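Good morning, colleagues. Please turn to the structure on the screen, which I shall discuss element by element.

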Amino acid sequence: MKGTQTGARFEKRCYDLLKTHGCSYENRRVYHTVRQWYEPDAITDKYVFEFKYQQVGGSVTKKLTQALFELDWLSTELNLTPALVYEGDHLTKFIESDTAFLNAKKLLPNIQLLDFPSFNDLISTSTNLNNREQNRLLEYA
């Protein structure tokens, strides 16, 4: 239960960051069969995100490779850029050194792996132009 609570707090931080920078997002199921779906953590106008947190050993590392393949399918289905956002010493070590995960990542080079500071940079720079309609008008003025 403790891992779920810290994972939920990490997800909240990610959602709060999106909101802070005016980036609208949705949470919804994306069906791959009539009764089966994937439900990414956030879908924006440009990205499909999964948020993962693990500070100590646990089951999330077993789920990371599956998350990569789900993101790959979702990005194709939704025509969006896939990104796995992570935080925690255990996940960082796993992502940098686990042989099976590194092999999966080689198969899926389009997926961005972002630690939280990189996610922050991505969101803060890509949403500085939040008033897209207003900026379009300025471009043509």
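Predicted model: local features only at pLDDT ≥ 70, side-chain atom pairs only at ≥ 80, totals over all residues.

Four strands form an open sheet in the order β3-β4-β5-β6, and the pairing is mixed.

With β3, the pairing of β4 is antiparallel, over two bridges, and A42 has F49 of β4 as its bridge partner. The strands β3 and β4 form a hairpin, with three residues between them.

How many of the residues of β4 are buried? The count is seven of seven, so described because buried here means under 20% relative accessible area. In a regular strand, side chains alternate between the two faces of the sheet. In β4, one side carries Y47, F49, F51 and Y53, the other carries V48, E50 and K52, and all of these are buried. Both faces of this strand are therefore covered, taking buried as under 20% relative accessible area.

I turn now to the helices. Helix α3 lies across β4, β5 and β6, and runs at about 130 degrees to β5. Helix α5, residues 116-126, also lies across β4, β5 and β6, running at about 105 degrees to β6.

Next, α3 meets α4: their axes come within 6 Å and cross at roughly 65 degrees. On the α3 side the contact is made by F94, I95, E96 and S97, and on the α4 side by T99, F101 and L102. By class, this contact comprises four nonpolar, two polar and one charged residues.

Helix α4 itself covers residues 99-107, with F101, A104 and K105 buried. Why do these residues line one face of the helix? Seen down the axis of α4, the buried residues fall within an arc of 100 degrees, so they line one face. On the other side, T99, A100, K106 and L107 are exposed. The cover over the buried residues of α4 includes α2 (60-78), β5 (81-87), α3 (89-97) and β6 (112-115). At the N-terminal end, α4 is capped by D98, with a side-chain oxygen 3.3 Å from the backbone nitrogen of A100.

My last point concerns L78, a residue of helix α2. Leaving aside residues up to four places away in sequence, L78 touches R28, V30, I43 and V48. Between L78 and D45 there are 33 residues of separation in sequence, and 9.8 Å in space from C-alpha to C-alpha.

Thank you for your attention.

Key
Residues numbered from 1 in each chain as written. Heavy atoms only, no water. Buried < 20%, exposed > 50% of the residue type's maximum accessible area, 1.4 Å probe, protein only. Arc of directions from axis to C-beta. Contact = heavy atoms within 4.5 Å. Polar contact = N/O pair within 3.5 Å; in protein donor to acceptor, adjacent residues only side chain to side chain. Pairing = 2+ DSSP bridges. Axes fitted to C-alpha atoms, helices over the stretch in contact; angles between N-to-C directions. Nonpolar A, V, L, I, M, F, W, Y, C, P; charged D, E, K, R; others polar.
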